[in-house]
2 protein chains.
Amino acid sequence: MAVYTEPSDDELRDFLAEYAIGDALSCKGIAEGVENSNFLLVTTQGPFILTLYEKRVDPADLPFFLDLMQHLAGKGVGCPLPVNGKDGRALRTLAGRPAAIITFLTGMWPRKITVEHCRALGTALAALHVAGADFPHVRRNSLSLDGWRSLAASCVARADACEAGLAAAITTELAELEQAWPSELPVGVIHADLFPDNVFFQDAKLTGLIDFYFACTDALAYDLVICLNAWCFEPDGAFNATKARALMRAYVAVRPLNQAELAALPVLARGASLRFLLTRLYDWLNRVDGALVRVKDPLEYARKLRFHRQVRDAGEYGLD
Amino acid sequence: MAVYTEPSDDELRDFLAEYAIGDALSCKGIAEGVENSNFLLVTTQGPFILTLYEKRVDPADLPFFLDLMQHLAGKGVGCPLPVNGKDGRALRTLAGRPAAIITFLTGMWPRKITVEHCRALGTALAALHVAGADFPHVRRNSLSLDGWRSLAASCVARADACEAGLAAAITTELAELEQAWPSELPVGVIHADLFPDNVFFQDAKLTGLIDFYFACTDALAYDLVICLNAWCFEPDGAFNATKARALMRAYVAVRPLNQAELAALPVLARGASLRFLLTRLYDWLNRVDGALVRVKDPLEYARKLRFHRQVRDAGEYGLD
């Protein structure tokens, strides 16, 4: 939950004057998105989302994210659409931060994941990958091997404060992934952060995807195993093979995986586990007293990593 | 900013089925109200506020708060109106908490206070007091002398950790207020927490008041000095006499103060300062690592207390 920056009355009024979206009736900080400040802005034309991009987002990346949403929405993918101001620009400045208004996506993210949610997610993720195939821009994934290496370097010395043996597990895993990481898989635009709070449903129907601020160019199958991790484990840590099968089969029904992708799934899933283990561990080790963000448990992903290390093939994920 | 409880999908669906307010399109936790969990619920009929009452609110007090909003709204005071379910009841249970849906009040709370805001507040506060005159229910103010005494008892031993000399200042002030606290002033329903984030404006016009969960029966003039403290000091701690005069004169133009109230204003203002000093100090001393609520500065109110201790009469507040 996050509202880091509060625009002043004058700043907000001047900012909204740049748009033709009616008069503001209300603007409330919302508890969504941990990286940026988000407001639900209600105008005489209806609800919108106002986002102020905070320091974790590189302003140079914002055109990529906003263009991507525009590209995907244009192809029928359910996602918010950046709203252009009267000058035709979607990106401007508010309270000293880069800021944009995006359309309001109806629906709610599921608090309790069902097999049906996973099935709908698989279909939507594949549709996203297909729709992104001709997106012309490229953004390197800063949270792939290079990023893990530097995160690991800044974490391992203190990692055992989180769990005994964690430093060694990270060092071993990173060394193995450096050897085993595939480089010849189909690549394209991936969401890279499709956790349940970024997927909206209404009456069991998936209405769209939000929060494209980790989107980048990487192996498409890697996006799929990020979802596998985020959606197919139970709160007690157990892998739910039924959910995994629903997710995977719905995905391949729209975009089949080739043999190299199928073979790479377990190592990709280990990478996806290490990625969230490391960012969560970094946040956990550097948590600040009084900060307004709940620090997520790194060990949830240490356990997922151990699970994937004993997986032999994609059959265990439901693709036999 | 506060979302302590997240209802599950099923709980929310079953809860909303008890109302005739259309189908839910969205439900987002909002960063408003530090005591309860608040959600902006958008249905096919428009926006509403869903509140789950957390542990700081005594469930036995909820009918008082909800009836009061209904009473005030019925008299034309701008405030949210509790929405009754199909069974005619406004108060029910969600995710194990007492919960209610209230109407959505348009407007935004002012981030930067102007003299005009203070003037509009004075008028609205007096109108609230007048409209509450025939409200039939009584709720004792648990945060008056008795409450301060027990808060002080639990804080003084560690108070000097916040500021050297604070324990002695609290003890002295409490003893003096025990002697000087007036008991013959006009009494009625007071809001008791009318800080800027509880007062909404649109285009400089006050649209209404929210968050009645500290409302109680107490001296009306005490409510006025709570506002004086919350609205008429600058961020650097300076008392703004122009804002005070605007607030005070707008108030008395609607509800004149009698001589006893005028004479009591400085001591009431000291009490209002001690009240927020003590609750903030308690929260500061008992703050929890990783909690999602920003702890407010107790010393802001220690400074206001010192200011009011040297005020001679109501003339210094603008009522000469």
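# A tour of chains A and B

Across the interface of chain B and chain A, ten residue pairs are in polar contact, both residues of each pair being at pLDDT 80 or more. The model on screen is a predicted one. To see which elements of chain B are involved, select α1 (9-16), β1 (24-29), β2 (37-43) and β7 (199-202) of that chain: each supplies at least two residues of the side that touches chain A. Of the elements of chain B, β1(B) gives the most to this side, with six residues. Colour the side of chain B that touches chain A by class, and it shows 21 nonpolar, seven polar and ten charged residues.

**The whole interface**

Now select both sides of the contact: 38 residues come from chain B and 38 residues from chain A. The size of an interface is often given as the accessible area lost when the parts come together. Here the area buried between chain B and chain A is about 3,200 Å². Carbon and sulfur atoms give 57% of that area.

How many salt bridges are there between chain B and chain A? The count is two. For one of them, select E6(A) and R111(B), whose closest N and O atoms are 2.8 Å apart.

**Helix α2 of chain A**

Go to chain A and select residues 62-74, which form helix α2. At 1.5 Å a residue, the 13 residues of this helix should span 18 Å, and the end C-alpha atoms are 18 Å apart, so the two values agree. The buried residues of α2(A) are L62(A), F64(A), F65(A), L66(A), L68(A), M69(A), H71(A) and L72(A). Just after the helix α2(A), select G76(A), which takes a positive phi of about 90 degrees.

**Two alanines with positive phi**

Most residues other than glycine have a negative phi. A95(A) has a positive value, near 55 degrees. Find A95(A) in the loop between β4 (92-94) and β5 of chain A. Is A95(A) buried or exposed? A95(A) counts as buried because its relative accessible area is 17%, and the cut-off for buried is under 20%.

In chain B, select A204(B), where phi is near 70 degrees, again a positive value in a residue other than glycine. A204(B) sits in the loop between β7 and β8 (205-209) of chain B. A204(B) has 62% relative accessibility and therefore counts as exposed.

**T279 in chain A**

Return to chain A and select T279(A), in helix α8 (residues 259-285). With 17% relative accessibility, T279(A) counts as buried. Show side chains here: those of T279(A) and R275(A) are joined by a polar contact of 2.8 Å. Leaving out residues up to four places away in sequence, T279(A) touches L143(A) and L151(A).

**D320 in chain B**

The last stop is D320(B), in the segment after α9 (298-309) of chain B. D320(B) counts as exposed because its relative accessibility is 75%, and exposed means over 50%. Which residues does D320(B) contact, apart from its neighbours within four places in sequence? They are R249(B) and G315(B). To finish, select D297(B) as well: D320(B) and D297(B) are 23 residues apart in sequence, and their C-alpha atoms are 32 Å apart in space.

Technical notes:
Residues are numbered from 1 along each chain as its sequence is written. Chains are lettered from A and ligands numbered from 1 in the order in which they are written. Side-chain values use heavy atoms; hydrogens and water are left out. Contact means heavy atoms within 4.5 Å. Buried area is the accessible area (1.4 Å probe) that two parts lose on being put together, summed over both. A salt bridge is a side-chain nitrogen of Lys or Arg within 4 Å of a carboxyl oxygen of Asp or Glu. A polar contact is a pair of N or O atoms within 3.5 Å; within protein, one must be able to donate a hydrogen and the other to accept it, and residues adjacent in sequence count only if both atoms are side-chain atoms. Helices (H or I, at least four residues) and strands (E, at least two) are DSSP runs, numbered from the N terminus. Ala, Val, Leu, Ile, Met, Phe, Trp, Tyr, Cys and Pro count as nonpolar, Asp, Glu, Lys and Arg as charged, and the others, Gly among them, as polar. Buried means under 20% relative accessible area, exposed over 50%, partly exposed in between (1.4 Å probe, protein chains only). The expected span of a helix is 1.5 Å times one less than its number of residues.
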